[in-house]
Amino acid sequence: MVVSLIAAGGGVFVGFNVAFDPYGLYHDTRGRRLTVYGDPRVAKYLLNVRYVPDNFNAILIGSSMSANWDMTGVEKLRFYNESLDGGNVVEDKAVVEPALSKPGITVAALIVHPYFTHSHDFETVRLEPSLRSSALGSENLLNAYKDIVRVRLRRAHQLNDYAGTEQFETVPPQLNPTLRRMMRPGTPFEVDPIALAAYRDVVAELRAHHVRMIFIVPPVFEDLLRAQQTAFQDYAQLIEANMASQDLLIDFTSEEFADFRKNRANFGDGIHLFKNSAAVVVSRINARINDWIAQGRLPR
């Protein structure tokens with residue numbers, strides 16, 4: 001009798017989770033606006049199974065420096081921001097692979113920054129197909145429901161919107177310890193070989209799925225950039241070796257964007273942008289994408 005009651009209760013819980021479907025795994029997601037609840041890495045991984053390829057045709061692959069870039073400001077492509085706060089390319093590779101297994105994604109923007117390849121560790125849990133069962137019942141799912149309740153009762157802020165953009169409550173005023181080590185003047189950037197291999201694998205997978213690529217070098221406050229000019233140039237050459245003639249590039253460390261970089265008010269710690277400054281960056285990306293579409297270099 002007890003076993004039957006437990007089984008029945010478990011069945012009701014699973015049925016509720018399937019009906020509520022916070023990650024869009026069990027019902028048609030087209031036209032829905034699903035947001036990130038629970039562990040953001042797990043949530044974005046699960047959202048990429050159906051929701052992202054069903055509703056977006058472009059993705060931004062990056063770390064925390066691009067996490068608050070609201071890519072809905074791009075007019076002629078529907079971008080989902082895959083960036084993970086504190087994330088590395090190994091994590092982001094795992095997040096985007098489910099979306100690439102379905103048709104839908106035609107353009108990918110990849111961030112070019114040494115932080116993205118400094119480590120290959122998964123910050124919370126390993127992102128793999130077995131996580132899909134967690135949407136039927138898990139500690140992460142319970143935490144997601146708690147987040148939903150707190151947001152709806154206005155006891156917490158919604159940290160991510162339907163397009164994956166993170167809403168920073170505060171922009172860090174100082175570099176974190178990892179970035180502080182990286183930005184020490186005259187220090188070459190350390191590149192994790194496993195992370196670099198994962199970056200190359202991402203590029204290869206995107207090519208295999210006929211996804212057009214835009215490499216984006218994000219802005220860095222001018223004083224930090226000058227102090228590590230050689231290291232940034234060496235790193236850019238390392239990544240650009242993976243580019244092909246059809247790939248596109250937006251380099252916010254070039255002379256074209258010097259005025260933006262010289263304005264300290266655009267940056268919190270010199271790497272992460274304030275919301276209004278991020279909007280300026282997205283507007284520049286949008287203008288460049290509009291030109292490329294008009295030239296036939298990107299699909300509409």
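Visitor: What is a salt bridge, and how far apart may the atoms be?

Guide: A salt bridge is a side-chain nitrogen of Lys or Arg within 4 Å of a carboxyl oxygen of Asp or Glu. Keep in mind that this is a predicted model. In it, Asp 147 and Arg 150 form such a bridge, with N and O 2.5 Å apart.

Visitor: Where do Asp 147 and Arg 150 sit in the chain?

Guide: Both belong to helix 5 (residues 139-152). They are 3 residues apart, so about one helical turn separates them.

Visitor: How many salt bridges does the rule give here?

Guide: The count is 12. One of them joins the side chains of Lys 102 and Asp 54, at 3.2 Å from N to O. This pair ties together distant parts of the chain, 48 residues apart. Lys 102 lies in the loop between helix 4 (89-100) and strand 3 (107-111), while Asp 54 is in helix 3 (residues 51-55). As for accessibility, Lys 102 is partly exposed at 29%, and Asp 54 is partly exposed at 23%.

Visitor: Which residue does Glu 256 bridge to?

Guide: Its partner is Arg 288, and the closest N and O atoms are 2.9 Å apart. With a relative accessibility of 54%, Glu 256 counts as exposed.

Visitor: Now a strand. Which way do the residues of strand 1 point?

Guide: In strand 1 (residues 58-61), Ala 58 and Leu 60 point one way, and Ile 59 and Ile 61 point the other way. All of these residues are buried.

Visitor: In what sense does strand 1 pair with strand 3, and over how many bridges?

Guide: The pairing is parallel, over 4 bridges. Within it, Ile 59 is opposite Ala 108 of strand 3. Strand 1 also runs parallel to strand 2 (residues 79-81), joined by 3 bridges. There, Leu 60 is opposite Asn 81.

Conventions
Residues are numbered from 1 along each chain as its sequence is written. This is a predicted model: local features need pLDDT of at least 70, side-chain atom pairs count only at pLDDT 80 or more; totals for chains, interfaces and linings use all residues. Side-chain values use heavy atoms; hydrogens and water are left out. Helices (H or I, at least four residues) and strands (E, at least two) are DSSP runs, numbered from the N terminus. Buried means under 20% relative accessible area, exposed over 50%, partly exposed in between (1.4 Å probe, protein chains only). Two strands pair if DSSP finds at least two bridges between them.
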